[in-house]
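Here is a briefing for a reader meeting this structure for the first time. Please look over the sequence and the model before reading on.

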Amino acid sequence: MPTFREILLQTETALLKADVFFGHGYESAHDEAVALVLAAARLSPFNTGTEVLERAFPDDASATLGVLLKQRCGDRLPLAYVTGEAYLGPLCFKADSRALVPRSPIAEIILNGFAPWFQDEQPAVIVDVCCGGGSLGMLAKLVFPNATVVLSDLDDAALALTQENSQRHPVDGIVKGDLLAWCADDSVDIVIANPPYVDAHDMADLPPEYRHEPGLALVGGDDGLDLVRVLLHDAARLLRSTGLLLLEVGNSQDALDELDPCLHPTWVDLEQGGHGVAAFMAQDLAQWAGKTSFNGGESK
Ligand SMILES: C[S@@+](CC[C@H](N)C(=O)[O-])C[C@H]1O[C@@H](n2cnc3c(N)ncnc32)[C@H](O)[C@@H]1O
């Protein structure tokens, strides 16, 4: 019977030979091979050490691994849809084609307690808009258990997955809504937004793995900013004076820089990889959008 080490090597070789694309949270054939082999053997990456490498790989796991590899290499499903789960920070989420595979670099900022961007003591209300399967909002609830954390999306399928994930990682509300139209003025401390932002050029060039994700989660129009334009105005309206908008736009970073000379996105340095995440302070957004007051007080 082959060992885990031998199976791992064979799996890595198969992934490289199939020339699969690594863009969904795993950065190499080795990392994906580890995840596939552990999933086939029903072992958790959280409590499996290298001692497993010299153990015999069970026959039934070999059969399962064959099925998983066909889905990954033949059908080019993203790894998380093959295994049915995705990890972001310390949490594990159910993942399938109802929503984007969780991988947003905003997770790093959430896990840092939004420092140094959120300057008030504790956020009371956090909204994760365009929540997909709910990973970012659920991480925010983990870090700020006393905050009211509400997740929203327009897509029923994504919201059904959010509901299922909330069984593992409870939140305070799950709302169906078009962007932030459902949110009251001056009511939110932090908006987390990873909206669809892939521009027309990038959409035409997407590797096959991305075509298994919902189009509604990706397509951002010609310059990628169709929904971002609306979100910026929405956020200006509903953020409290000390509030913060964290907005991911990925490759549409240049387009956002050029959107309006009066809008000044601050690009966040991400230590764990990724790019195109902007931080906006509520006061700056309000000034840009021409908002005149916060709860009766003058905006600066
Ligand atoms: C890029 S995905 C992000 C998912 C999730 N935030 C994550 O990081 O995994 C964008 C999400 O926006 C949702 N969406 C698209 N248009 C929307 C709209 N007008 N209002 C609310 N959500 C929308 C899609 O259904 C999708 O779940």
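The points below go from the domains to the core, the sheet, the helices and a few single residues.

This is a predicted model. The domain assignment of the protein chain gives domain 1 (4-83) and domain 2 (98-298). A nonpolar core of 85 residues, the largest one, has V191, A235 and L245 as the members that touch the most others.

**Domains**

- The C-alpha centres of domain 1 and domain 2 are 32 Å apart.
- Contact between the domains involves nine residues of domain 1 and six residues of domain 2.

**The largest nonpolar core**

- This core has 85 residues, and V191, A235 and L245 touch the most other members.
- Helix α9 (residues 226-238) contributes the most to this core, namely seven residues.
- The core lies between domain 1 (4-83) and domain 2 (98-298), because both give residues to it.
- In soluble globular proteins, nonpolar side chains tend to be buried together.
- Leaving aside neighbours within four places in sequence, L245 is in contact with V191, A193, A235, L239, F280 and L285.

**Helix α9**

- The buried residues of α9 are L227, V228, L231, L232, D234, A235, A236 and L238.
- Their cover includes the strands β6, β7 (239-248) and β9 (277-281).
- It also includes the helices α10 (253-259) and α11 (282-289).

**Helix α3**

- Helix α3 (residues 59-74) has 16 residues, which at 1.5 Å a residue should span 22 Å. Its end C-alpha atoms are 22 Å apart, so the two values agree.
- A61, L65, L68, L69 and R72 are the buried residues of α3.
- The buried residues of α3 are covered by elements including α1 (4-18), α2 (29-40) and α4 (79-83).

**The seven-stranded sheet**

- An open sheet of seven strands runs in the order β5-β4-β3-β6-β7-β9-β8, and its pairing is mixed.
- Which strands stand at the edges? They are β5 (173-176) and β8 (266-267). Each has a single partner strand, so one side of each is left without a neighbour in the sheet.
- Strand β4 (residues 148-153) and β5 run parallel and are joined by four bridges.
- L151 stands opposite I174 in β5.
- Strands of a sheet pair through backbone hydrogen bonds, either parallel or antiparallel.

**D189 in strand β6**

- Strand β6 (residues 188-193) holds D189.
- Is D189 buried or exposed? D189 counts as buried, because it has 22 C-beta neighbours inside 10 Å.
- D189 and A124 are 65 residues apart in sequence, yet their C-alpha atoms are 6.5 Å apart in space.
- Not counting residues up to four places away in sequence, D189 touches D120, P123, A124, V125, I126, R240 and G243.

- Strand β1 (residues 85-88) pairs with strand β2 (residues 91-94) in the antiparallel sense, over four bridges.
- F93 in β2 is the bridge partner of A86.
- Side chains alternate along β1.

- R76 follows α3 and is found in the loop between α3 and α4. R76 is not a glycine, although its phi is positive, about 60 degrees.
- R76 counts as partly exposed, because it has 17 C-beta neighbours inside 10 Å.
- L179 is found in the loop between β5 and β6. L179 also is not a glycine, and its phi is positive at about 45 degrees.
- L179 is buried, with 20 other C-beta atoms within 10 Å.
- The peptide bond from A115 to P116 is cis, with omega near 0 degrees. P116 is in the loop between α5 (106-111) and β3 (125-129).

Definitions and conventions. Residues numbered from 1 in each chain as written. Predicted model: local features only at pLDDT ≥ 70, side-chain atom pairs only at ≥ 80, totals over all residues. Core = buried A, V, L, I, M, F, W, Y, C linked by C-beta atoms within 7 Å. Buried ≥ 20, exposed ≤ 12 C-beta atoms within 10 Å, placed from the backbone. Helix = DSSP H or I, 4+ residues; strand = E, 2+ residues; numbered from the N terminus. Domains from an automatic or database assignment. Contact = placed C-beta atoms within 7 Å. Expected span 1.5 Å × (residues − 1). Pairing = 2+ DSSP bridges.
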